[in-house]
Amino acid sequence: MRLGNAFEETVERLLSTIRLGVLRPGESLPPERELAVRLGVSRDTVRDAIKSLSEAGFLVSRRGRYGGTFLAERLPAPTGDGPGATRAEIDDLLRLREILEVGAARMAAGRVLEGADREQLWSRVEDLRAAAAEDYRRLDSRLHLAIAEAAGSPSLVPLVAENRMRVNALLDRIPLLARNIAHSDEQHEVVVLAILGGDAERAAEAMLAHLSGSAALLHGFLD
């Protein structure tokens, strides 16, 4: 498990367990302490993942003598109006995203950016941090496109934009998780600071970690 994406990958693994039928509807999950040991993460990470999946309707938490966390009797269907996708189609889309956006981050960090370009990148980060839930994915797309523009290759921007539209169609089918949004905001800041600092390898590494977190959630909810 990548420590940088412990939350997202814990969500993915819990959802995989649910979809494999290891738990029956209404059956209880193991205690948080046991899950943390099994998954190799902290209890706080398990607690955040359970809370997020409860808010999304997959799990139900009950208090009292017979309390605990239980699989919902009926699992939510994917949201959004977009068509479904196979795992192979999701993998293909996400591999292309990795090629385009990790490369864009590396190239942007390798350039000497003018003041206006630097200000635009940072303003996109600040806009995203202040975004309401309904605006989050739109402003997220703006940041990623700004990074592509900063790479200095005009041909790259439409490729990233087209790929992002396809990714957004998938993201619209999964719930927004508050913990993931907070984590993504932190990762965006690391990416942009690396670009502004001219650290190409750090920028590429941070972008890869960020994209891996999104990929984990997409596979968890849509596979």
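The axes of α4 (87–109) and α7 (156–171) come within 10 Å and cross at roughly 140°; axes are lines fitted to C-alpha atoms, for helices over the stretch in contact, and angles run from 0 to 180 degrees between N-to-C directions. This angle makes α4 oblique to α7, given that angles under 35 degrees count as roughly parallel, over 145 as roughly antiparallel, 65 to 115 as roughly perpendicular and the rest as oblique. On the α4 side the contact involves I90, L93, L96, R97, L100, E101 and A104, and on the α7 side L156, L159, V160, N163, R164, R166, V167 and L170 (contact means heavy atoms within 4.5 Å). By class, 10 of the contact residues are nonpolar, one is polar and four are charged. α4 passes α7 in a left-handed crossing, that is, the near helix is turned anticlockwise from the far one by less than a right angle.

The model is predicted: local features need pLDDT of at least 70 and side-chain atom pairs count only at pLDDT 80 or more, while totals for chains, interfaces and linings use all residues. Residues are numbered from 1 along each chain as its sequence is written, and side-chain values use heavy atoms, with hydrogens and water left out. Helices are DSSP runs (H or I, at least four residues), numbered from the N terminus.

The axes of α8 and α9 are 8 Å apart, and the packing angle is about 160°. The two helices are therefore roughly antiparallel to each other. Their crossing is left-handed. From α8 the contact takes N180, S184, Q187, H188, V190, V191, A194 and I195, and from α9 it takes R202, A203, A206, M207, A209, H210 and L217. The contact of α8 with α9 has nine nonpolar, five polar and one charged residues.

The remaining features are spaces in the model. On a 1 Å grid over the protein atoms alone, a cavity is a set of points where a 1.4 Å probe fits but cannot get out, and a pocket is an open set with protein on both sides within 12 Å along at least five of seven lines; lining residues have an atom within 4 Å of a point. A volume is the space filled by probe spheres set on the points, which are joined across faces, edges and corners. Ala, Val, Leu, Ile, Met, Phe, Trp, Tyr, Cys and Pro count as nonpolar, Asp, Glu, Lys and Arg as charged, and the others, Gly among them, as polar.

| Space | Volume | Lining by class |
|---|---|---|
| Largest pocket | about 300 Å³ | four nonpolar, two polar, eight charged |
| Second largest pocket | about 200 Å³ | nine nonpolar, one polar, two charged |
| Largest cavity | about 190 Å³ | eight nonpolar, four polar, four charged |

The largest pocket has a volume of about 300 Å³. Its lining comprises 14 residues, with L94, E98, S212, A215 and H219 closest to the centre. Two or more lining residues come from each of α1 (6–19), α4 and α9 (200–222), and α4 gives the most, with six.

Lining the second largest pocket are R13, L14, T17, I18, V22, L23, L29, P30, L35, R38, L39 and L59.

One cavity of 30 Å³ or more is present. Of the 16 residues lining the largest cavity, Y136, R137, L171, N180 and S214 lie nearest its centre.
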